[in-house]
Amino acid sequence: MNKPSHIVKSYEEQLKLLEETIIKMGTKAEEQLSMSIDAFAKKDLELARKIIAEDEVIDAYENSIEHQVVNLIALRQPMGIDLRETVTALKISSDLERIGDLSKNIAKKTMLINKNLSVNLINSFNLLGNKVKKQLKSVIDSYLERSKNFAKNVWESDEQADILTNQCMEDVIKYLKEDEQNLQNGAQLLFIAKNLERIGDHTTNIAEQVYFLVTGEYLEGDRPKNTESEML
Amino acid sequence: MTSKQKEIFLKKRYRAENRFKFFGIFSITLAVSFLGILLFNIFSSGLSAFFKTKILLKINFDEKKLGININTSEKEIKASNFNEILQEALLNLDLLTPELKKIELIDIVSVDATYELKRFYLKHKDQLNKMIEVSLTLSDDLDQLHKGNFPRDIPEDRRRFSDFQLKVFDEQNAQNKIITEFNFSFFTNADSRDPELAGIGSSLMGSLLTLLVCLILSFPIGILAAIYLEEFAPKNKITEIIEINVNNLAAVPSIVFGLLGLGIFLNYFYLPRSTPLVGGLVLALMTLPRIIIPCRAALKAVPPSIREGALALGASKVQTVMHNVVPLAMPGTLSGTIIGLSQALGETAPLILIGMVAFINVVPFYPIDPSAVLPVQVYLWSESAERGFVEKTSATIIILIFFLAFMNSFAIYLRNKFERKWS
Amino acid sequence: MINEKIKISTKNLNVFYGSKQALFDISINLVQNKVTALIGPSGCGKSTFIRCLNRMNDVIDICKVEGSIKIDGDEINKKDLDVNLIREKVGMVFQKPNPFPKSIYDNIAYGPRIHGLAENREDLDNIVEHSLKKAALWDEVKDRLTQPGTGLSGGQQQRLCIARTISINPDVILMDEPCSALDPIATAKIEELIDELKEIYTIVIVTHSMSQAARVSQDTGFFHLGKILEFNSTEKIFKNPDNKLTQDYITGRFG
């Protein structure tokens, strides 16, 4: 969106800094998610530990954004587009922080899995993981480019993530039925699947925010959802 | 710029500032000292006029010589002759007076002394056939001598009193028979050829009456004209011309107004000559623009928000102006008016032209009585030859200055009072 | 909303100062019992517009107003209509507090007096008290009604002016930047007052403060170069204006 810059330069700079922080935070969350999927697939405990440690970075970003937003509201009283920018930044950052937490959780659960898993199962999780990862990347791109269509696409395509989650769940249940010994690992797998699904939900939240940011209107109507996953 | 240059630059600035300050103070000192010299000069020569010198004379109110008795009516007393007992008392001052010098002896008192005696007797009828000491006004020459305004060591033929009069005066002075009294008659008497009798009563009353006529005419007319011009008149060529002419009128030399008065009021309307009525008319003409201009300025200074406030309440134009604008403009208008009047008070030239320069020896009471005015009185007396008029001139100036100062202070007081109240 | 009654309606309103056109085809509706804020850069015609609504522009010789202004459906932009009657119905509060050079009491009593609204002294006392109470000034001045109105503080003076406007019981109150000369506390008091007064009156306020417009008004109009670019609910204007210039103006990106 092409808009003239503010008369007050420092205001303009503060808004730009806020936007940059969101993008950095988004990129970091994306990275964490991607690493957690890798760590799971390759059972890389080292990587998992790294993910857990680096969650602090995301928390720091969230703090920074919250701080900036409060300052902007207190000192600049933003209006119109600036107001939407400020308010959505706060909400997006909290979604990203949740994504970071969920990635950390995946890493933790990965560390608790003590047996090698079947390729089939890992593939099923990879499919879901990559789908969610792609959604997160798209939604951050939509924020970067202020594209309401991008955002809407993400919002709508979350249905696929739900379908993949269901697939995953079914595979895990199969795995559980195979052997009673699998109970512990199976529980962790269920958590991981659920976490990935939640990350997908957070990307749709962000997509809604981006849509509001760009248009000033709320994405309305029911999001296409696979209801089965809700039951679990 | 280096710090060194900056320092030099700063010093230069301060020098310039100090120079300016010095010139300012110098100018003020100069102005104040001129004023001081003027005031000192006037006060030193004028203050003595507020006192007069009198001689205490033993008078014998002999009913035979006066030709009256205890039952004589006031009217008859006024018609009777007190000269004889006065001359008798005067001659008693020096029993050895040669016949030729007797006239000089009689001349040491004012020509008014016989009337003073008469006035004294009317108040003290019980003194008939008694001997009593009465204070009588000395002649102006001896009065001046006593006040030290006239040197005694110049040759006899160059002064207005003789050696013999001087000798008698000194003898009486040695016996404490010469006294000084506050000169009430200066304020109550009209003009006179004899300086010791001349007073500003006529010109003071004349000035007051003239100003009254002037105020009654110029104040309402001036204010109404100003209000109309400022608030109601459409802005077009005609009002512009009127405006320019009002401003020009304020700058017209006052003598022109005198000529106008002479031509119109005296020669056309046959109004009584040398009266406060005509003087007031002429001064009103002169004062009008001087009231209109400050009144308009005061109206212009009223913030437009006041007008808008009243109009927005649904007040009509006249209501807006009369209820809200004019009261705010009043202090400025009043002080402008008073300053205009004080200028009128000091005006001489136009009044001379309408005949107020005449010698008036009665105190006027109505605007149609002939009268003098203070500044013209100054002009008249400054032309007189007698020594006694010098101090009277200065004394009249003191009165005039006092009046002007009073009026101007009143103007300032009004301005301050109302401004404090409403802004 | 239902029950929205249009109080003032202008149609193709054009205003000229001499040969210079100050307003171009202004057609808006102002809703009864609502506060309408007019915003826009200096010289955009906001003040000119509200001065049309009580015919204050009549004072200016070279000002010519064309088009229709209807209050309660009655045309007021007619030569033969007495402006004093319009101004009795449409009160105005100005940028600078402008109390009259009179006592507090007489400031309020002035309007009722010239319009003959009070039959006796008691009536007048009631009007004064009522107006001052409505303007939230009564408690502060009730003990000094005889003192000059100019002795009050700026904020009190402005509330006095509002009380003066209320005193003749108008339908509409126009406010031309009523808080621009006041401190924030005084401003807040006036804003609170505006909020209360809208229950009874229809209020039009011109303001340079975006946040004030956002705080006090329900509808906002954005003027630019004599045209009204956007007229919408205040919420809409400040959250997501339709017009790009409005957006730029409210966010401080103008020019």
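# Close-up views of a predicted model

**View 1. The contact between chains B and C.** The contact takes 22 residues from chain C and 18 residues from chain B; two residues are in contact if their C-beta atoms, placed from the backbone, lie within 7 Å. On the side of chain C that touches chain B, the elements giving two or more residues are α2 (83-89), β7 (90-93), α3 (104-115) and α6 of chain C. Helices (H or I, at least four residues) and strands (E, at least two) are DSSP runs, numbered from the N terminus. With 4 residues, α3(C) gives the most to this side. By class, the side of chain C that touches chain B has 11 nonpolar, 7 polar and 4 charged residues. Here Ala, Val, Leu, Ile, Met, Phe, Trp, Tyr, Cys and Pro count as nonpolar, Asp, Glu, Lys and Arg as charged, and the others, Gly among them, as polar.

This is a predicted model, in which local features need pLDDT of at least 70, side-chain atom pairs count only at pLDDT 80 or more, and totals for chains, interfaces and linings use all residues. Residues are numbered from 1 along each chain as its sequence is written, while chains are lettered from A and ligands numbered from 1 in the order in which they are written.

**View 2. The contact between chains A and C.** Chain A and chain C each give 13 residues to this contact. The side of chain A that touches chain C divides into 6 nonpolar, 5 polar and 2 charged residues.

**View 3. The largest nonpolar core.** A nonpolar core is a set of buried Ala, Val, Leu, Ile, Met, Phe, Trp, Tyr and Cys residues joined through C-beta atoms within 7 Å. A residue is buried if 20 or more other C-beta atoms lie within 10 Å of its own, exposed if 12 or fewer, and partly exposed in between. The largest core has 76 residues, and those touching the most other members are C:Leu53, C:Val172, C:Leu174, C:Ile203, C:Val204 and C:Ile205. Helix α6 (residues 154-167) of chain C gives the most to this core, with 5 residues. Leaving out residues up to four places away in sequence, C:Ile205 touches C:Val35, C:Ala37, C:Met175, C:Pro178, C:Ile194, C:Val216 and C:Ser217.

**View 4. Helix α4 of chain A.** This helix (residues 119-145) has 27 residues and should span 39 Å at 1.5 Å a residue, which agrees with the 38 Å between its end C-alpha atoms. The expected span is 1.5 Å times one less than the number of residues. Just after α4(A), A:Arg146 takes a positive phi of about 50°.
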